[in-house]
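Please open the structure in a viewer and keep the selection tool ready. The stops below are meant to be visited in order.

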Amino acid sequence: MIEKITYLLFFIILLRIQAFFFLEYFYKNTKNTFFKIYKVLILSFYSLSLVYILINYFPDNAYDKFLTHSKTYNYQPVNYSKILLDSSTLKIDSAISIINYYSDKEAIEKDLDFTIYFNSHHKENIPFAFKALDSTNEFGGSSSQIKYKQLYLKKLNDTIKIILREYSNKSLSSDGLVNTDTIIFIKTKTTITRYP
């Protein structure tokens with residue numbers, strides 16, 4: 001609660017400064033006496049309206065006071081570029097996994113998002129998918145975006161092998177998925193980011 005009050009006060013101060021310069025401009029550059037006489041009143045209404053917007057649209061997840069630090073694990077593929085079944089080229093860029101640590105609970109390094117970034121000419125209906133070679137290290141499904149895909153792993157090894165699965169038919173049904181290659185990711189760097 002104290003954090004929200006601090007954010008609110010800081011926001012009010014910035015808005016009052018902004019409103020002051022806004023009204024000063026009209027005060028000096030217009031002959032309208034309305035701005036000159038009701039300057040304080042206009043400033044107050046301006047601030048109140050923007051504070052109302054802040055209170056009603058302030059995101060609950062804008063900050064997390066219990067977040068102490070995070071670890072980012074970077075992975076690089078072993079020389080990976082692949083010609084897909086549709087004759088297009090797939091280039092694997094990198095993969096990362098981020099683990100957040102909190103002061104109010106014990107950090108458990110499991111159920112991890114392993115995000116694979118790639119480049120392909122496909123803008124929709126991506127004709128391939130990824131799956132962990134070690135099926136015991138994967139849980140659930142995977143999310144799919146145009147520039148990346150996320151797998152959910154139970155642990156992060158120094159080397160992670162991922163199966164490239166492609167659709168053998170144009171309908172992109174799960175029945176048409178076939179394993180076409182294995183991508184090897186090597187952990188290259190671990191970065192720790194600390195939060196105040």
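Select Ser87 to begin: this residue is exposed, with a relative accessible area of 60% (exposed means over 50%, buried under 20%, and partly exposed in between, with a 1.4 Å probe and protein chains only). Ser87 lies in the loop between β2 (81–83) and β3, and its phi is positive, about 75°, although the residue is not a glycine. Strands here are DSSP runs of E with at least two residues, numbered from the N terminus.

The model is a predicted one, in which local features need pLDDT of at least 70 and side-chain atom pairs count only at pLDDT 80 or more, while totals for chains, interfaces and linings use all residues. Residues are numbered from 1 along each chain as its sequence is written, and side-chain values use heavy atoms, without hydrogens and water.

Next, select β8 (residues 159–167). Strand β5 (residues 128–132) runs antiparallel to β8 and is joined to it by five bridges; DSSP must find at least two bridges for strands to pair. Within this pair, Ala132 stands opposite Ile162 of β8. Nine bridges join β8 to the antiparallel strand β9 (residues 177–194), where Phe185 stands opposite Ile160.

Now display the largest nonpolar core, which has 25 residues; such a core is a set of buried Ala, Val, Leu, Ile, Met, Phe, Trp, Tyr and Cys residues joined through side-chain atoms within 4.5 Å. Among the members that touch the most others are Leu156, Ile162 and Phe185. β3 gives the most to this core, with five residues.

Finally, select Leu156. Leaving aside residues up to four places away in sequence, Leu156 touches Tyr73, Tyr75, Ser97, Ile99, Leu112, Phe114 and Lys187 (contact means heavy atoms within 4.5 Å).

Conventions
Helices (H or I, at least four residues) and strands (E, at least two) are DSSP runs, numbered from the N terminus.
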